[in-house]
Amino acid sequence: MSAVLQNLVNQPYKHGFVTEIESDIAPKGLNEDIIRLISTKKNEPAWLLDFRLKAYQQWLKMEEPKWPNVKYRQIDFQAISYYAAPKPKKKLNSMDEVDPELLRTFEKLGVPMHERAALAGVAVDVIFDSVSVATTYKQKLAEVGIIFCSISEAVHAYPELVKQYLGTVVPVGDNYYAALNSAVFTDGTFCFIPKGVKCPMDLSTYFRINTEESGQFERTLIVAEEGSSVSYLEGCTAPRFDTNQLHAAVVELIALDNADIKYSTVQNWYAGDEKGVGGIYNFVTKRGLAKGANSRISWTQVETGSAITWKYPSCILQGENSVGEFYSVAVTNNYQQADTGTKMIHIGKNTRSTIVSKGISAGHSNNSYRGLVRIAPTASGARNYSQCDSMLIGDQCGAHTFPYIQVRNQNAKVEHEASTSKIGEDQLFYFAQRGIGNEEAVSMIINGFCKDVFQQLPMEFAVEATKLLGFKLEGSVG
Amino acid sequence: MSMSLVNSNSYLESLLRGQPRLPPSPLAWFNQLRANAVDHAGRLKLPTTRDEEWRFTDLSPLVRQSFQPALAAPALQAADVERFSLAEAAIRLVFVDGKYMPQLSTPAERLGNRGLIVTNLSSAITANAEAIEPHLGQYARFEDNLFAALNTAFLHDGALVMVPRGAAIDTPVHVLLIATQPEVASHPRCLFIAEAGSEITILEDYVSLNDAIYVTNAVTEIAVGDNAQISHIRVQRDSTEAFHIGNCAVSLGHAGRYRSVSVALGARISRYDLNTVLDAEGAECAIDGLALINGRQLADTHSSIDHAKPNCTSRQLHKCIADGSAHAVFNGKIMVRPGAQNTDSAQSSRNLLLNAKARIDTKPQLEIFADDVKCAHGATVGQLDSEELFYLKSRGLSGAAARNLLTYAFGAEIIDRIPIASLKYRLERTVLEQTKKTEP
């Protein structure tokens, strides 16, 4: 039985291939000149260059964080190329004009763009390496006044909006990787939902790292004005390489009065081979500011990839009665390491937060939940409920829980629960009795374990996530 | 004995100053242990809030004071300590400012308990060196613990309890540590050894005669042999101006049982580190704690339960009640080592905030490296339940009485687990008194 499990766990990475497109690559290394080069290449206004340089100055003064429960070789930030763009052949007017090589890549990934757009009704803003190549459904969204475009486009088309919000949730000097991102980000997504608009479809961006040794630094900014709502999907897959790649993204969400932002991620970057060679270093800062009264920010993530994941999607609950949610499934296998969790900072009165985290570790991997629930003295009537469950598959892996609970208000109520379990022989036996084979049984048990999180995902993503866990773990228990 | 201080921290220097006056022991290993500790104490830095383990406990008020080692202890009369004595505990060791007081103590040999040794360390160490050497300084590691290093650097006396093989002692042992002088740093040391199949109950009791500012830096080492049991009660009732740093390290043998109840009521800043290693199969520990603090007190409890071997069980319930602008900290780490299958561990941290200015920081922490385990932890922070208050009021209790009763009941759950009736009664009175002070 464990051989079956082994097979399932060790499924080769299906998305490992390199697309050969001529890339316009900046020389390796990071200094002010490179930042100026990025800024010039992207034809940016002076304020954005100042923003980058300020971040760079802060970054120079900072040290790489040492507290996460992960181990890796020191990253040489001077050995990374900070800008890579596919060379523009000509202006694109329709999908047919998109580089066929590129389209084939998406096909291999199983995302035929026009089909996907037509069938699923999803507007896909494709980021290929750093420059956005094609954007669909833009008109349809524009009709209701929603802005959904690449952030470099937004800098030119809506400079006031970008300037007003960029860096307000994650300041340039917030942490080491956020500062690095603020200095060198090349592209990303900007999304603006005006007052009272309910976004008619799920917005989605497909991220892709392509050029070897080019770190990717996306920047996502989503603003939901009073009474609006949006659901945003982020999905990742990366091709197979043996040198480690750095991915340091920043995501900022801002929800004003009565606004509602739902952010879902399925992350399946290349995790390295079974010996732990290669794989993506995923050091991401994600934070939402529930600024207005009755606003709501909800993070859902399914983390299955990356050699190292270091990510804490957080909510700052500033508005009265605002709500923060975090639903996470993190799966690690082989030599993967994940240190992930959330922060719920309660500032406003009667703010509420829910944390549901499910960690599954297999192989030689280490999976940590690290969470912070802070109740400020002003947050009277605040309420938090946290639940983090771990499942261990095999005796070589580790599961860790580090929940920080800091309460400075006597009217708050905070609850935290954690448990650890494994798939029991008796459970498998029960399934076998009912004529269900081990493989299927394990898949069902794991899906049951993750159910609370999966049901938060939008439909298509839930299907994808279930499949992904199937690849990674189905049968890995014995 | 010479010592070199690499650390320029004048505070540490002043703390170490008294050390060279200690007479060398005839035992070479003992002198070596002390010399190693001096060496480490000189090298280690005072922890700050930038150290993860001390993140919520700021020791700067401690550094602002200067402390001297106690040169002489006042000669207390039996009447002075009478109020601390317990009816059940006929065996008693009394230390005043860290100095052993034979005239106030009732060591075990006087009671004629064959084989049981309860006495001060320095009087028994030469005769029992062989039994003591494998334990003393072996559990409370000081390589990266400044306070344990300081304590060991000053090591020359302390409380010693050795229970012989198979002996079940039904009389509790009372180790009473009294602080009397201001600006004194004392370094009490306890060593409790229960040999295979033995059983004992020990009370470690820290009290003060006044409101002086002093620092107590205690280290306790406990070795529970195969199938032996130690019930360890630790009560800290220091002056509310004092500093109390306690380190306790426990090692358990095959099917050994360790039950601990620690109660922190006093001290301006108190810190208690309890490290339990379940070092053989079938070992069990039950670790309970209560911190009841008020005013500007800070009580920090760090516990670590290390499941080093398979088939061990641990249970922990820690409660904090913070009133005034007090600050309670709890950090409970449970470690399950690779191969420690069939571990069964449950931990619960429950906290009650009674004042808007009070503050709680809790972190129950699990680190698991084995797959066939049952581990659960939970933490709650809250206030008194309004429905429970309403119920009591509907039965005719005043608001204050209802609050008092509920707070008392919250704390009593821990105190109930103390196996010494008169102490339990006394502590329940204390909790009741303290909760009465609570303002609505």
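1. Chain B of this predicted model contains 10 helices and 21 strands, where helices (H or I, at least four residues) and strands (E, at least two) are DSSP runs numbered from the N terminus. Its radius of gyration, taken over C-alpha atoms, is 21 Å, close to the 22 Å that the globule rule gives for 440 residues, so chain B is as compact as a globular protein of that length; the rule is 2.2 Å times the number of residues to the power 0.38. The C-alpha trace of chain B spans about 70 × 50 × 45 Å along its principal axes.

2. Of the 440 residues in chain B, 52% are buried, that is, they have 20 or more other C-beta atoms within 10 Å of their own, with C-beta atoms placed from the backbone. Among the contacts in chain B with a separation of 6 or more, 81% join residues 24 or more positions apart, a contact being two residues whose C-beta atoms, placed from the backbone, lie within 7 Å.

3. The domain assignment, automatic or from a database, divides chain B into domain 1 (10-280) and domain 2 (385-440), with C-alpha centres 31 Å apart. Each of these domains of chain B gives 11 residues to their contact. On the domain 1 side, β9 (199-208), β11 (229-237) and β13 (257-264) of chain B each supply at least two residues, and that side has eight nonpolar, two polar and one charged residues (Ala, Val, Leu, Ile, Met, Phe, Trp, Tyr, Cys and Pro count as nonpolar, Asp, Glu, Lys and Arg as charged, and the others, Gly among them, as polar).

4. The UniProt record, an unreviewed entry, places the feature "domain: SUF system FeS cluster assembly SufBD core" at residues 180-410 of chain B; such annotations may be inferred rather than shown by experiment. In the model this span is 9% helix and 58% strand, and its end C-alpha atoms lie 32 Å apart.

5. The contact between the chains takes 31 residues from chain A and 32 residues from chain B. On the chain A side, β22 (383-393), β23 (398-407) and β24 (413-421) each supply at least two residues, and β23(A) gives the most, with 10 residues. The residues of that side divide into 13 nonpolar, 12 polar and six charged.

6. Strand pairing (at least two DSSP bridges between two strands) also links the chains: β24(A) runs antiparallel to β21 (residues 374-382) of chain B over seven bridges, and H416(A) has A379(B) as its bridge partner in β21(B).

7. On conventions, residues are numbered from 1 along each chain as its sequence is written, while chains are lettered from A and ligands numbered from 1 in the order in which they are written. As this is a predicted model, local features need pLDDT of at least 70 and side-chain atom pairs count only at pLDDT 80 or more, whereas totals for chains, interfaces and linings use all residues.

Definitions and conventions: Buried ≥ 20, exposed ≤ 12 C-beta atoms within 10 Å, placed from the backbone.
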